[in-house]
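My entries follow in the order in which I made them.

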Amino acid sequence: MKYLIVGLGNIGPEYRDTRHNIGFMILDELAKQEGASFHNMRLAYYTEVSHKSRSLHLIKPTTYMNLSGKALSYWMGQLKIPVENVLVLVDDLALPLGTLRLKPKGSAAGHNGLKNIEQVLGNNNYARLRFGIGDNYPKGRQVDFVLSGFDQDEKPELPALIDRSIDMIKSFATIGTELTMTKFNK
């Protein structure tokens, strides 16, 4: 079985380790744990890892957040992976830091990366792992907040949350969305 795991983020050193790039950060750690390296391929940084006889195809789109759907669609077609085997990793302002939620489908909730994926696919029937980044910003400063790094008091929490996200990715690929939600969504 093949799975496409899509970490959302923006390329470039100025975006590294920002809240909006948590999808990239999760996949970087997963690849590191599995001894895999990303390669700059068409529309994305790409690598592949195995977990319990499943192939996890990891991509970090190089299209920037607002055009994430282009990379996702290309790699789904290239690898012949059905939408039910796609998982998108995304930052979520509506969830407090420390909250991880797997959803089988849902709205873009104002997230430009998800909006573009929905537009390109023509539906929102793809699983997403929502990584809470909180909403501790002044009115009108949302963009500055998501493009900023995690605060000093938040950074110690990240390794455990990223590891838990990796566990959820592996669970998604082995036992499916519903059972993973039951096991991990709190």
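I worked on a predicted model throughout. I placed lysine 60 in strand β4, and aspartate 28, to which it is paired, in helix α1, 32 residues apart. Their side chains meet in a salt bridge, at 2.5 Å from N to O. Aspartate 28 is partly exposed, at 28% relative accessibility. I also found lysine 60 over the face of phenylalanine 24, 5.4 Å from the ring centre.

I counted seven salt bridges. Aspartate 92 and arginine 130 form one of them, with the closest N and O atoms 2.4 Å apart. Aspartate 92 belongs to strand β5 (residues 86-92) and arginine 130 to strand β7, so this pair ties together parts 38 residues apart in sequence. I checked burial on both sides: aspartate 92 is buried at 10% relative accessibility, and arginine 130 is buried at 18%.

I then turned to aspartate 151 and arginine 19, whose side chains meet in a salt bridge of 3.5 Å, N to O. The pair links distant parts of the chain, 132 residues apart: aspartate 151 is in the loop between α4 (142-146) and α5, and arginine 19 is in the loop between β1 and α1. Arginine 19 is buried at 1% relative accessibility, whereas aspartate 151 is partly exposed at 35%. I recorded Arg19, Asp151 and Glu154 as linked in a network of salt bridges.

I counted five aromatic pairs. Tyrosine 15 lies in the loop between β1 (2-7) and α1 (22-34), and tyrosine 64 in the loop between β4 (54-61) and α2 (68-79), 49 residues apart. Tyrosine 64 is partly exposed, at 38% relative accessible area. I also noted that ring pairs link Tyr46, Tyr74 and Trp75 into a cluster. Arginine 128 lies over the face of tyrosine 126, 4.2 Å from the ring centre.

Which residues of helix α6 (residues 177-184) are buried? I listed Thr177, Thr180, Met181 and Phe184. They cover an arc of only 105 degrees around the axis, which puts them on the same side of α6. These buried residues pack against β6 (100-103), β7 (127-132) and α5 (158-175). On the face turned away from the buried side I found the exposed residues Glu178, Leu179, Thr182 and Lys183.

Terms used:
Residues are numbered from 1 along each chain as its sequence is written. This is a predicted model: local features need pLDDT of at least 70, side-chain atom pairs count only at pLDDT 80 or more; totals for chains, interfaces and linings use all residues. Side-chain values use heavy atoms; hydrogens and water are left out. Rings of Phe, Tyr and Trp (its six-membered ring) pair if their centres lie within 6.5 Å; planes under 30 degrees apart count as stacked, over 60 as edge-to-face and the rest as tilted. Helices (H or I, at least four residues) and strands (E, at least two) are DSSP runs, numbered from the N terminus. Buried means under 20% relative accessible area, exposed over 50%, partly exposed in between (1.4 Å probe, protein chains only). A charge sits over a ring if NZ of Lys or CZ of Arg is within 6 Å of the ring centre and within 35 degrees of the ring normal. The arc is that of the directions from the helix axis to the C-beta atoms. Contact means heavy atoms within 4.5 Å. A salt bridge is a side-chain nitrogen of Lys or Arg within 4 Å of a carboxyl oxygen of Asp or Glu.
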